[in-house]
Amino acid sequence: MKNERYFYVMSNDRNIFPIHTACMDSGFTFCELLVMDKKMTVPSSYYPKRAEFIAMYRKGGYRKLRFTGSTVLEARLPRGRDKRHPTEKPVPMIEHLVRCSTLEGEVCLDPFMGSCPVGEACIKTKRRFIGAEIERKWFEASQDRIREADSNR
């Protein structure tokens, strides 16, 4: 990862603290805690969950870009036939994060790409994309999504 670059980690409330510790112990700088308002609740042992957390970190110094919007991102999760993966994030929200933290032509990495919404967002925002997925069925689903997004450009 180049200096003055950003990355996001999406997590639930239970995992955010160990993730934060690991990122800080690895020398990254914490930038912001964003909240994705999913516009729907899911059952939980305690309060029903309507939000997911997005921790933003950087390597090296601050890089001035256009950070727009607020720390609360309203996003409808894909449902029904639009849902391609159990933990899929909405492409419009990812497009927003990509536009805020990279420039056209730069590379985005998704080491857990699932059905590849980050890859689709990169195609739509003119960024290059590198993704990794260990499960064959999700890798194949990601290839279909990339071909579809590429043909719609």
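1. Two strands count as paired if DSSP finds at least two bridges between them. Helices (H or I, at least four residues) and strands (E, at least two) are DSSP runs, numbered from the N terminus. By that rule, strand β2 and strand β4 (residues 72–74) run parallel, joined by three bridges. Met 36 has Leu 73 in β4 as its bridge partner.

2. This is a predicted model, in which local features need pLDDT of at least 70, side-chain atom pairs count only at pLDDT 80 or more, and totals for chains, interfaces and linings use all residues. Residues are numbered from 1 along each chain as its sequence is written, and side-chain values use heavy atoms, with hydrogens and water left out.

3. On confidence: pLDDT is the predictor's confidence in each residue, from 0 to 100. The protein chain has a mean of 92, and 100% of its residues reach 70 or more. Confidence is highest in helix α1 (residues 16–25), at 97. It is lowest in helix α4 (residues 136–151), at a mean of 91.

4. Back to β2 (residues 29–42). Its pairing with β3 (residues 49–59) is antiparallel, over nine bridges. A hairpin of six residues links β2 to β3. Leu 33 has Ala 55 in β3 as its bridge partner.

5. Arg 58 sits in strand β3. A polar atom of the Arg 58 side chain lies 3.5 Å from the backbone oxygen of Gly 61.

6. Strand β5 (residues 107–110) has two faces. Cys 108 and Asp 110 form the covered one; Val 107 and Leu 109 form the uncovered one. In a regular strand the side chains alternate between the two faces of the sheet. β5 pairs with β6 (residues 128–131) in the parallel sense, over four bridges. Leu 109 stands opposite Ile 130 in β6.

7. How many disulfides are there? The count is zero, taking a disulfide as a pair of cysteine sulfur atoms within 2.5 Å. For Cys 23, the nearest cysteine sulfur is that of Cys 31, 11 Å away. Cys 23 is buried, at 10% relative accessible area. For Cys 116, the nearest is that of Cys 122, at 8.2 Å. Cys 116 is buried too, at 1%.

Terms used
Buried means under 20% relative accessible area, exposed over 50%, partly exposed in between (1.4 Å probe, protein chains only). A polar contact is a pair of N or O atoms within 3.5 Å; within protein, one must be able to donate a hydrogen and the other to accept it, and residues adjacent in sequence count only if both atoms are side-chain atoms.
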